Amino acid sequence: MDWYMMNCELLATCSALGYLEGDVYHREPDCLESVKDLIRYLRHEDESRDVRQQLGAAQILQNDLLPILVQYPQEKVLFDAVVRLMVNLTQPALLCFGKVPADATSRHHFLQVLSYLQAYKEAFASEKVFVVLSEKLYNLLQLDWEQRQEEDTLLIERILLLVRNVLHVPPDPTEEQGVDGDASVHDRVLWALHISGMDDLLKFLASAQVEQQWALHVLEIISLMFRDQSPEELAALGQGTAGAEHREDTQELETLRQRELAEKRTRARQRPSRHSRFGGSYVLQGIKSIGDRDVVFHKGLHNLKSYTHDLGKEPRRLPRRRQAAPEAEPSRRSARNVRLFLRHFCQDFLENCYNRLMLLVKDQLVREKAQQHDETYYLWATAFFMAFNRLHGFRPELVSETVGVRAFHFIEQNLTTYYEMALMDKKEATTWARRMHLALKAYQELLRTVQEMDRSPEQAVRDSSQVIKSNIFYLMEYRELFLTLFRKFDETKQPRSFLRDLVETAHLFLRMLERFCRSRANLVVQSKRVRRKKKKKPQVPEAPAPPSAAELEQLWEGLAPQVQACLEGEAPLPEDMVPFDAASETPVEEQRAEALLRIQECLRDSRVPQALRLLRSAREVWPEGDVFGSADVGPPEETQLLREILVAPLPRRAPAEPEEPEEEEEEDEEEEEQTLQVSEKEFNFLDYLKRFACAPVVRALVLLLRGYARNSARTNHCAARLLHRLARDLHMEPLLFQLSLFALFHRLLSDPAAAAHQELVTLAKFILGKFFALAATNKKAFVELLFWKSPAIVCEMTKGYSSLQEGEGTTRSRVPPWTPQEEQELRELYWKYKEVEGGDIIAAILAHLPTPGRTRRQVVKQLVRMGLASSAKDFPRERKGTRIVLWTQEQEEELTRLFEEFQGSDDVLGNIMKHLTARRSRARVVEKLLGLGLVAERKELYKKRRRKSHGPGPGQAATGVPAMPAQDSSGEDEDSEEEEEEDEDEAEEGRMEEHWVPQEGAGQDLAQRLHREGLAGPLRWLENCLRRAAGDREEDGVSHPAPLVPLTEENEDAMEDRRFRTLLRQLGLRPPASEQESFWRIPAALTPQQLRRAAASIAHRGPSGSPQDLSEPPRWPQDPAPAEPLPAGLGSDSESEEPVPVPVPVPSPVQPRTKRRRELASEDEDEDGGSSGTELAPPAPREEEEEEEEEEEDPQPRGRRKRIRCLEEEEEED
């Protein structure tokens, strides 16, 4: 960013700070206020961090802030403000943006801020700056806690944060390209920190009793100091290892030189003795080219081994989601003086600070006083300093705080948490994998420390190691950890270094566990097993036998005195007996039957007062039918009614049977109780090792060995030793018969530098020898190379492919095998009962299967295995509900008859429920009506509201037109009329059905009125749509619902007009059925003849009654014309077709208009001072009538809509 593009106010503020002249900085009088203004600007910067970028481009920190900090440390207020501003400017870019942005613009801003931070770090590589900071921090730490002010504590924290921010800046790979041993920017900052004495202050803060609050700050700074360091290199530095480093470098160079010499010898061997200018052409027999001929090779024979069909092809691009996870930044070797200073720092830190600091940090982590993910610094410190202590004169007392069962538990708990979060949080899986890697390193170092304790000369240390190992190996969580990590390893989320540490740690754990088992005759470990116990099906209680008539008579004789006492008022009646629940979903009829049952149960339980109270309450709720007695019933009648209820054989509800789950092929949906069963068992190391004999473990080891040339010798040894355990110790050599591993062996054996990997070469030869020995007896072994294997497949390859089927290779299979005779009988029974409708095929097969003991699941699996069924879903188990009875044909016919009988009533469903013979719930009846297609939606069965009707008008009774409500001039009556008309429209929409056939000539009168009212254009559009739909249906032979889509504003206004929608209903068109539909539709049930009749009925007719075009402007009628009779036989399909009477509402005396014309008319009325609602608008002037006539002669929309409409009509004509 250019300095001249800087904000004016920001530029003026920076200019007011001061100026640098030589090595002396002259500050301006407004320097302090300018610093505070810059802090305020940073607080209000935008998402692109524009203020931060402008200050970085202007180099304010290098040219102004650092000189002020160095030359004016005695001015406390200015010093505090400058430190505060620098803490803000140097905060990490990740904190500024939250995460690395994905879009290009934000990522550019992110990289720009990062480049400025790298420039700041280079400016801080100055001894003067750290000397000032160290002196200020030292002076503040000299103050006792009672002398420190809040400003002093804040300044201490800001100085620590400033050091943290500077050390956190990552290196610039484009600028720092030096070799190992050169001093990088980070090394120069560390050296300045060391010269100033800041490292001693950090050690003081870590060890002082009164400075516990800075524990996490100090640990974070220390972790950033050792970011590029390796504990192995630091530990070996002070032990006269200048020669050791030289030997390692020499050995590496010697390996590279041997590889190069071997390649030269190979090329020299391939070069022919006689050079030929022409390479020649050769035919490679057995290798086909693109066609059927053999490949013609046009190069020398020495290049033949490198031939492949992929020569010249572009490499296949690997998708980003399948690319391997990037590795962390490679560690580099710092300058020797920096490493020496850091080695001494590690020694002092371990001797004086480590145990105390780690105790404080863990306490804050456990008490959740730290920030989120601060435990990663604890995990890093555990791995780094314990490794340094192990390699630099092992002293277990220096790391006693992090050696123990509690440390193992804390690390294992965090490792498990990171693992689970990596599986759940897919977007941040890479971040969780990095944290998981830190925990795994700490776990590995704990195991190595315990292993080192076994070699200690002190008996107490060895005993402590045995105690730790006995606790670790006893618990199941620690033994299952590595299996879980292997099985869930994902190379796209976890880097190769994680797999390397995982293999080394698993190898170390197995070796320690094996030696621990050898030292003990019998090792008892804890075993946890999740026991799944199927819930027993609830026993259905058997219904008690009903009492006999004699028993009921005897019971009534005992109840008669109590009934008499209750009727005479001698015994009180309870008040809380309610027979009806209005909030219940149970239908009213069922609640009435339940009330009778409750009265009977009370009587049979000798609870006469409750029975009498229920009887009287039920009489008040259900007075109709005198089921519970009449309203004026007396005591004798109530006594007789109670006796009849007692002895009546009322139908009782059958107990609900538990619904049986469906059986599927792979899953069992029965409810299971999961209980964690903890027990102890004798440990067998080989059984535990068999858990690693699985495809994910072998696949991970092969993936690691692909980079054997880059791996360390220890990594290759650990991977080879694990493979050797699986192949040799478990006798599962076929587990490694895999094509990718064999390709690796081929590359290894042909490598000129294979002598450096002698252990891998030995393993490769051993596995290949075992493979060819097996291939001599099992010809399918070559095909098995294509697949990863399990122990069961290994057993089949070695013992025969029929061993598992016969039950020899596994102990889990307890299902007896199917013999050929049983399979033939099963096949015959299946084809016999397959065509039987309404029956359960599996139940019929089980009933006639000669072999007893077969279950439904076994039969279904065998049918699928034999290919008679595709899956277990083809045989669903019949679900048993509570008293579910299928509808018989007679009941369906009865339901259809009742629906047709009460279809026009206000409460269709209620009338059907009253007259239905078989008692059904409302939900079952509604579902059946929908299933039979009698109704399209549930709302058609809703109870309709009745509209207040007025006296019939003149001439309406004769035509069958419903009476219109009386009108007056008040606006409230008009509003109420509109609301009632809308309710009537909704009711008519609810009664509409798609298969409703319009009456012959329906809507003709209403269409003529709409013609006269100015809706000729929409009517003509509707007529064209109907005729077009009729033509399409005749041409295609298939009928589909066609929507009416208005494309002009005039047609849209007409679709909003109530009378136009009434016309659509009379023609049999369907309104939008639900919220998913927006347009009216032409139902599929209307035939082309009916559509043409409807189109002819709405066509405009002249005085002679024949249809004609609108040749004159519409008139405003003073009185609505009476309905004209339709000519007999107009458009009828047959003479026997009877017309269906359809009520046609007559428009009200108020002048009807379209929506736009109504608004214009209302504006004219407002200008004229208003008029009565009963007055008619005056006729329009002649000029307006001529304009309307021109619009109606050309009703098509102009512009784009008109072109679209014309194109659609041309396509339909074609």
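A crossing is left-handed if the near helix is turned anticlockwise from the far one by less than a right angle, and right-handed if clockwise. The model is predicted: local features need pLDDT of at least 70, side-chain atom pairs count only at pLDDT 80 or more, and totals for chains, interfaces and linings use all residues. Residues are numbered from 1 along each chain as its sequence is written, and side-chain values use heavy atoms, without hydrogens and water.

**Exercise 1.** Determine how H16 and H17 pack.

Step 1. The axes of H16 (residues 354–366) and H17 (residues 375–391) lie 10 Å apart, at an angle of about 155°. H16 is therefore roughly antiparallel to H17 (angles over 145 degrees count as such).

Step 2. The crossing of the two helices H16 and H17 is left-handed.

Step 3. In contact (heavy atoms within 4.5 Å), residues of H16 including Tyr-354 and Leu-365 meet residues of H17, among them Tyr-378 and Phe-385.

**Exercise 2.** Classify the ring pair of Trp-380 and Phe-385.

Step 1. Rings of Phe, Tyr and Trp (its six-membered ring) pair if their centres lie within 6.5 Å; planes under 30 degrees apart count as stacked, over 60 as edge-to-face and the rest as tilted.

Step 2. The ring centres of Trp-380 and Phe-385 are 5.9 Å apart and the planes stand at 85°, so the pair is edge-to-face.

Step 3. Trp-380, with a relative accessible area of 17%, is buried (under 20%); Phe-385, at 0%, is buried as well.

Step 4. Ring pairs join Trp-380 and Phe-385 into a cluster with Phe-226, Phe-345, Phe-349, Tyr-354 and Phe-384.

Notes. Axes are lines fitted to C-alpha atoms, for helices over the stretch in contact, and angles run from 0 to 180 degrees between N-to-C directions. Helices (H or I, at least four residues) and strands (E, at least two) are DSSP runs, numbered from the N terminus. Angles under 35 degrees count as roughly parallel, over 145 as roughly antiparallel, 65 to 115 as roughly perpendicular and the rest as oblique. Buried means under 20% relative accessible area, exposed over 50%, partly exposed in between (1.4 Å probe, protein chains only).
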